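I opened the model to look at how its chains meet and how one of them is built.

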Amino acid sequence: MKAYLTRRYIFSASHRLHADALSDEQNWSTYGKCNNPHGHGHNYSLEVTVSGQVGTETGMVCNLVDLDKAVRHSVLDRFDHQNLNTLNEFAALVPTTENLTEVIYNILKQCFHSAHLEKVRIEETLKNSFEYAGGAEPRP
Amino acid sequence: MIYLTRKCEFSASHYYHNPEWTDEQNRRVFGKCANLNGHGHNYTLEVTVKGAVDPVTGFVVDLKELKDILNREVADAMDHRHLNKEVPEFASKIPTTENIAIAIWQRLVENLHVAKLHRVRLYEMPDLFVDFYGEA
């Protein structure tokens, strides 16, 4: 039997949305107050969905300890309480939550192999959420 | 196609133990969930059914009927119960969130004839949930 398991994590970070290729005026008209030079922050809620056969011996898709360890080590320890613009991943990429979602999906795809990574979903605020499933359509 | 989701909450206790393993193996794989005295959760179940909207009633499903099935198959069977000891499916299966979601799917799919079951989503805690779509 195939099941999908989702775990939620919280991290807090700051960012500024600013594209070097645009003029100051264009940046302001594109990003509005998110272009504030001093930056601002969010409590991000990160949902990681993995899938696989439920093990007959364990009853589990994967061991949560392994998933927690991978997310903590490769995402939370690196992103929590940081300014996203200063991280390598965003040296040439605007840290919108669209890009953040894709970056985190790609990081986890590289380092977590105990189950199939299905989807990453991030809530930036209670009003905005973003999903990335590696180019596939996220499942309803 | 319209998707309709109904929520239902239940509280239950369980433990994780594979009788074919040593105590040490059980502790290593299941951690604190292997404590044979058990522990408990407030589970939140979301059941999603799908179908066309009936042109006369405007319903995808009669909610009263869905509620009655959920009450009988889930709330009466699992609420304030010890899953390992009181729910027959878990006499031979470990009541992980994955297996509970599958057991609930199987109970519902056998009884739900008014709409097509789409998904069972079971939250063990606000930060952990399992989805099951009836896939082999």
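I looked up the strand pairing between the chains first: β1(A) and strand β5 (residues 128–132) of chain B pair in the antiparallel sense over four bridges. Strands pair here if DSSP finds at least two bridges between them. Strands (E, at least two residues) and helices (H or I, at least four) are DSSP runs, numbered from the N terminus. Within β5(B), I find B:Leu128 opposite A:Arg7.

I noted the provenance: the model is predicted, local features need pLDDT of at least 70, side-chain atom pairs count only at pLDDT 80 or more, and totals for chains, interfaces and linings use all residues. Residues are numbered from 1 along each chain as its sequence is written, while chains are lettered from A and ligands numbered from 1 in the order in which they are written.

I then listed the contact between the chains, which takes 17 residues from chain A and 20 residues from chain B. Strand β1 (residues 2–15) of chain A gives seven residues, the largest share of the side of chain A that touches chain B. By class, that side of chain A has nine nonpolar, four polar and four charged residues. Nonpolar means Ala, Val, Leu, Ile, Met, Phe, Trp, Tyr, Cys and Pro, charged means Asp, Glu, Lys and Arg, and the others, Gly among them, are polar.

I turned to chain B, where I read four helices and five strands, in the sequence pattern β-α-β-α-β-α-α-β-β. The C-alpha trace of chain B spans about 60 × 25 × 25 Å along its principal axes.

Notes
Contact = placed C-beta atoms within 7 Å.
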